[in-house]
Amino acid sequence: MSFPSMADASGRTIGAEELAAVGRVLQSGMLSSVWGTEVRALEREMADRHGVSHAVAASSGTAALHLAVAAVAPDPGDEIITSPISDFGTVAPILAQNAVPVFADVDPYTGNLDPAAVAAAIGPRTRAILAVHLFGAAADLRAVADAAGVPLIEDCAQAWLTRYPDGTLAGTAGAIGCFSLQQWKHITCGDGGLTITDDAVLARRMRLFADKGWPRDEARRHVGLGLNYRMTELAGAVARAQLAKLPGVLADRRRTAGRLAAALADLPGVHLPADVDAHAWWLFPLVLDPPLTNQEVAGKLAAAGIPARAGYLDQPLHCAPALTEAPVYGNSRFPLTVPPADRLPAYGPGAFPVAERLVAQTLLVIDWNERYTDAHVDEIAEAVRAAVTP
Ligand SMILES: *Cc1c(COP(=O)(O)O)cnc(C)c1O
């Protein structure tokens, strides 16, 4: 059986609405969001859907994270604590603002930042915590951020409509939530990003940072450093149509994920995410007990035609050559070495053993999609059962 894939129309919800949206923009002759209406409407719809007062669009999820990091205004050498298991788009904006990515280890089953490890990583230069809701499971760093008195940024790129156990929507729990509309996310306009916040000051900083520091409603003067991270009207119009389909996408993913979770619930040596209806099911992660290994099980699943991979990443982010080997700017290791660097960041193998073990040995991810039928799920369940049974 072939599985719907986010790489083509089989696993995307792109249809007549998106076609009409693109046509509407092209016919208007206005493709820029500075003067158009689509991206502003998208921002309103995004904010309303999350019950917050502000949303700011950007050209990618990485750009959205960059807006958030810029808005919390780290000084060069300030530290931002984040997860070693994420997309590099979580880390790049920290470096780009001349701050230092400091990692903390993760929970052995969810792969999300371990609050105790984050608390232990907090130091005098900690400027923010950047939590990643990995695969769509809420990472709850609210108490740690509050205790440290630093803002919490939520990376919700994989966590559209994720909920915390108390029902709070991911992205609304901290100072800023960041979302991605890239091809491989729940909803897409090719590339795009959104931030949400209830804080008018942070929202204004983000809007300025996305548009060359230019307050458009005032004079042509540049009030701060900003890049051009604007979303285009074409992308914005598609994103509006996609955002309207988001609840359906989540309902369908949750229903079939629930079916797989029920089918695998009694399987020894296999750990599943806990709360089916709070999870966003970007991927379906499984964590294996030894002697099972992710490479071996992924190999068997691939042989059975199941779209599954070992580890999610090839290596956790704290082992990325971009941090361990490469200079950052020019030939320098700035900002990693900004005085008074009272400690060098812990990068490289051995620094975060739980994250390293997940990637190398225990974590397996199965591609998930709103177009999966019960038959797809049953085939996956059967293949997983066969792959983990001696
Ligand atoms: C995809 C992703 C990003 C980056 O988003 P882009 O739109 O690809 O720039 C950041 N963080 C996480 C967790 C992601 O999954």
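D211 touches V34, R216, L227 and R230, residues up to four places away in sequence being left out of the list; contact here means heavy atoms within 4.5 Å. The structure is a predicted model, in which local features need pLDDT of at least 70 and side-chain atom pairs count only at pLDDT 80 or more, while totals for chains, interfaces and linings use all residues. Residues are numbered from 1 along each chain as its sequence is written, and side-chain values rest on heavy atoms, with hydrogens and water left out.

D211 sits in the loop between α7 (200-209) and α8 (233-264); helices (H or I, at least four residues) and strands (E, at least two) are DSSP runs, numbered from the N terminus. With a relative accessibility of 8%, D211 counts as buried, since buried means under 20% relative accessible area, exposed over 50%, and partly exposed in between (1.4 Å probe, protein chains only). One of the contacts of D211 is polar, joining its side chain to that of R216 at 2.7 Å. A polar contact is a pair of N or O atoms within 3.5 Å; within protein, one must be able to donate a hydrogen and the other to accept it, and residues adjacent in sequence count only if both atoms are side-chain atoms. The loop between α7 and α8 also holds K212, whose phi is near 60°, a positive value in a residue other than glycine. K212 is partly exposed, at a relative accessible area of 33%.

Turning to the ligand, 14 residues surround it, and the closest are G61, T62, D155, S180 and K185; a residue is near a molecule or strand if one of its heavy atoms lies within 4 Å of it. By type, the shell divides into three nonpolar, eight polar and three charged residues. In this scheme Ala, Val, Leu, Ile, Met, Phe, Trp, Tyr, Cys and Pro count as nonpolar, Asp, Glu, Lys and Arg as charged, and the others, Gly among them, as polar. A polar side-chain atom of T62 is 2.5 Å from an oxygen atom of the ligand, and a polar backbone atom of G61 is 2.8 Å from a ligand oxygen. For D155, a polar side-chain atom lies 2.7 Å from a nitrogen atom of the ligand. The protein covers 94% of the 380 Å² of accessible area that the ligand has on its own; accessible areas come from the Shrake-Rupley method with a 1.4 Å probe, and for residues only the protein chains shown count as cover.

Helix α3 (residues 61-71) gives the largest share of the ligand shell, three residues. This helix is mostly covered, with 10 of its 11 residues buried, including G61, H66 and A71. Just after α3, A73 takes a positive phi of about 55°.

Apart from neighbours within four places in sequence, L141 is in contact with L113, P115, V118, I129, A131 and L152. Y312 lies in the loop between β10 (308-310) and α10, counts as buried at 16% relative accessibility, and has a positive phi of about 70° although it is not a glycine. In α11, the residues A355, E356, L358, V359 and T362 are buried, and the buried residues of this helix pack against β9, α9 (294-303) and β11.

Two cis peptide bonds deserve a mention. The bond from P290 to P291 is cis, with omega near 10°, and P291 is found in the loop between β9 and α9. The bond from F334 to P335 is likewise cis, with omega near 10°, and P335 belongs to the loop between α10 (321-324) and α11.
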